[in-house]
Every structure is written in C-alpha cells, then in structure tokens.
Amino acid sequence: MSHMSVRTLTSCRTERHQANTTRPYRLTAPTFLPPPTGHKHIFLLLPTATMSRVVVYRLFAPLLLLGFVQVALSKRFEVISGNQTCLLAEFSANFSVSYETTAKKGATVLFSLPEDARVDNRSNCNNMTAPVLVVSFGNGHSLSMNFTRHNGSYKMDVLTVSFNESDNVHFPNASSKGILVTFSRSADISAKMNTTYRCTSDSTVHMKNVNVTLSHVRMEAFPSNDNFSKTETICHADMPPTVPSTTLVTTLAPTTVTPPTSNPIPGVYNVTNSNGTCLLAKMGLQINITYTTLLNESIMKVFNILPNSTHADGNCSSDRASLQLTDDPTKLIFVFVVNTTTNKFYLKELSISTRIPSTAQGKEITAKNDSLTYLQTTLGKSYMCHSEQTLQVNPNLSINTFELHIQPFRVNDAKYGTAEECQMDKDDMLIPIIVGAALAGLVLIVLIAYLIGRKRSHAGYQTI
C-alpha cells in the first residue's frame, strides 16, 4: 500500500505509486473535499497560526478555481520507467463506431472515454526512445498512442483503438463477438522537445468504421521532469485568425474561404400534417465540408444555414418522421425512426446536397448516412442540447448543431414534451457545482484560520 505523503504548495503535483511503472496522472485534492474513490494519498493543506487570512486566500483560491475545473474537462495519464517520466497526456475522447448487427444491418454507436479509464500495463517507455500509452476502459476496450522523436521534435506516430464487440452495453446485437482493431497514422500531434503540445479544439481522426475525436489535449513526450513544460506548442486550430494585409498588389490573390466568425442563428422548423403539428424543431445549423481542389489541395468550407431563407418540409407517421430543409443551394434531410424495443426515437438517416466552389474537383457534393443512432430520446419527450454537437455524415462532411431542441413524435398541442438533456449539457453543469463547492470550502478555511489566529492573540494576555 502506498504511504501517506504531504506535498509542498509550489504546484499541483501528482501522486506516484512506487510499485507500478505506469498509472493514471491525477490531481490531488485539499482535505476539505474527499479524494476520488481508490486514492490512497491525501493532499494535506492546513492553515497555520503564522499564515494571515490574505495568505490563506491567495494560496487556495487559484488551486480551487483552476485545478478542479480541469479535472471535470479531461482525463490525465502518465507513463514512467523507474523514476523517470517518458510521457504525460491529458485529453478527452469521443468515439463513433459503426458495426453490423445480427439482423445484418449497420449500426453506429457514440460514447466517450469514461471516468474509469486507466493506464494499461502494456504502456511502456521502450528505453526512453518510443513511449507507448495504452488506456483501457469498459469491458475490454482500449486506446493507444505511439510516440517517436526525430531532429529535436516528438510526434504521435500511430493512434490505435480496440473495441470488444461482445460488450452488449456498447454494441447491442452485434453480429461479431470478437475484437475490432483499427489504427491511423494521420493523427496530427507533434511538438518541439521540452514543450507541451496543447490543443483545446476538437480534432477528429478518421479510421475504418471508427472516428475518434480528441479535445482539451495536453501532451508531452520525454518531459524534463514529471510535469508539463511551461513552454507550449499550440495546434493550428487554436491559433487566432491572421489579419489579411491591405497592401495593394497588381495580381489577384486566390480566394480563400474562411469559416464564419459566429455561431449560426437558431431557426424554427416545424412539420404539419392533417392532424396538426407532428414535428417540432429549433436549432442552429453549420455545415463543414472538406473537398479537393483541381490542384489536389484539401480545403475545408464552413458555412451557416440561414433561417430566414430556409424552407422547411417533411412528413410524419407513427414510427417514421422526416424533416427537409432547403437553403438554396443546400438541402438537408433528417429522418427519425422509433425503436419499439427501447421505446425511444433516434436520428437514423442524414443526407445533404450542396454546391461547392468551381475550383473543386466537381461542382456538387452529396452525402448520405442511413445507419446513425444520434439524438436518442424517450418517446413522448423532446431532445435538447444547448451545447455544440457534431453529426458526422462521412469523413468529409459533418453538421454542427447549436441550441438544438427537437421532437419528431407524439407532439401534443404543438408543444414540446419534457426535455431530455444531452450529456454535454449535463457535464457543463459540473463546473459551477465544483466552483461553488470550492468557494464554500475556501470560506470555511478562512473562517477557521481567523478564529485560530484570534484565539492565540488573546492567549498572550494575563489578567492582573
């Protein structure tokens, strides 16, 4: 069993299990908040009589307001060899996996890297030359990252995921009961030595039947100590947009398509039939298309659907409903169906057609995916998600939704039923709860420090 340790207050450091060569990289917690289940170490922080109330406040406030908010956003992992750390990693991961069911139909499941994710004993430093991080979670699932270094830089060379399709929780009715393994060499993660790679933005790696979206990433291979370097290498997606030069030139520069600077305006799109309103929808929509130019350059085009110029149409039945949106030249079709076994509805099919610039290889693009399982909600209720959510149609096309509220079945009096919130909205609620608990603990510590100091000051006087 690990021994009790007391850390200094210079930084928020990790607890090291000396018996293991690899283990999760986790933040320690002040004593007024209980440590996570299974932690044997306690970060002991108590005010002393010599500490003023101002010192106590300045000392604890940054730790509470910064450290614990990060824990809610991502997972931390570490790989070590002996007493030397070879890899630090902090990230969130979302998975989209397509598989075949026993009914010979395609299905797609979405899930996130869970809280119980842990560093697998297959992780190793390979003599400090090529670190490998293997993260295990759930019933036989794993994600691994292989790093290499060359000419003063390090990079993630291979990203591999492995899923156990016999896990009925994540892969219900899967026809295969074996292990699905897929890998990619396209993960664009690299940085200079002795710097931390940081990328807050979402980055999706496309593999066969699997998409992995990483976000809130901080990584460093071969760190100089057991903590992240202060110098950072920022990913391109987090870079601020460059301001174009106003210098007058005689030749015309090629046109570049820039993404919109603001989120799309939510529009109201309802469908009615002979019985009245049968589908209610309110959402902001943003289209992301990646296409290849005539010069074989890969370009991403991002644009918003404008509610004022969008026409809504569709049809409804007891077990199938469709919503068609047309904002010329773009057409979107959402198809919802009912799962009678679970008594839930979900988005099964999504298709899009639009025109792209004449510089592309082909002037029109169409895409369709009819094996989705997005937006699962209990019948009679509505689905609500204030957060930005990505609906992936294929590796080159996705739709971002904002302020989404939709109900395609059992609509009464043209009013939404009780809303079921998406997981992202639920996670956002954790931050104010954590901050509130931290502030309450801070007030308690300051009060105790004040009472101790006042009691000692009175003890110095004797009655004559």
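Tutor: Thr-196 has Glu-232, in strand E14, as its bridge partner. The model is predicted, so local features need pLDDT of at least 70, side-chain atom pairs count only at pLDDT 80 or more, and totals for chains, interfaces and linings use all residues. Residues are numbered from 1 along each chain as its sequence is written, and side-chain values use heavy atoms, with hydrogens and water left out.

Strand E11 (residues 196–199) runs parallel to E14 (residues 232–234), and three bridges join them. Strands are DSSP runs of at least two residues, helices (H or I) of at least four, numbered from the N terminus; two strands pair if DSSP finds at least two bridges between them. E11 also pairs with strand E13 (residues 210–221), here antiparallel and over three bridges. Cys-199 has Val-217 of E13 as its bridge partner.

Within residues 210–221 of E13 lie Leu-214 and Met-219, both touched by Met-145. Contact means heavy atoms within 4.5 Å. Other residues that Met-145 touches include Phe-91, Leu-133 and Met-156, not counting residues up to four places away in sequence.

The protein averages 78, and 75% of the residues score at least 70. Confidence is lowest in helix H1 (residues 53–73), at a mean of 38, and highest in strand E15 (residues 267–268), at 96. Over residues 245–258 pLDDT stays under 50, with three contacts beyond four places in sequence. Where pLDDT is low, the predicted coordinates should not be read in detail.

Terms used:
pLDDT is the predictor's confidence in each residue, from 0 to 100.
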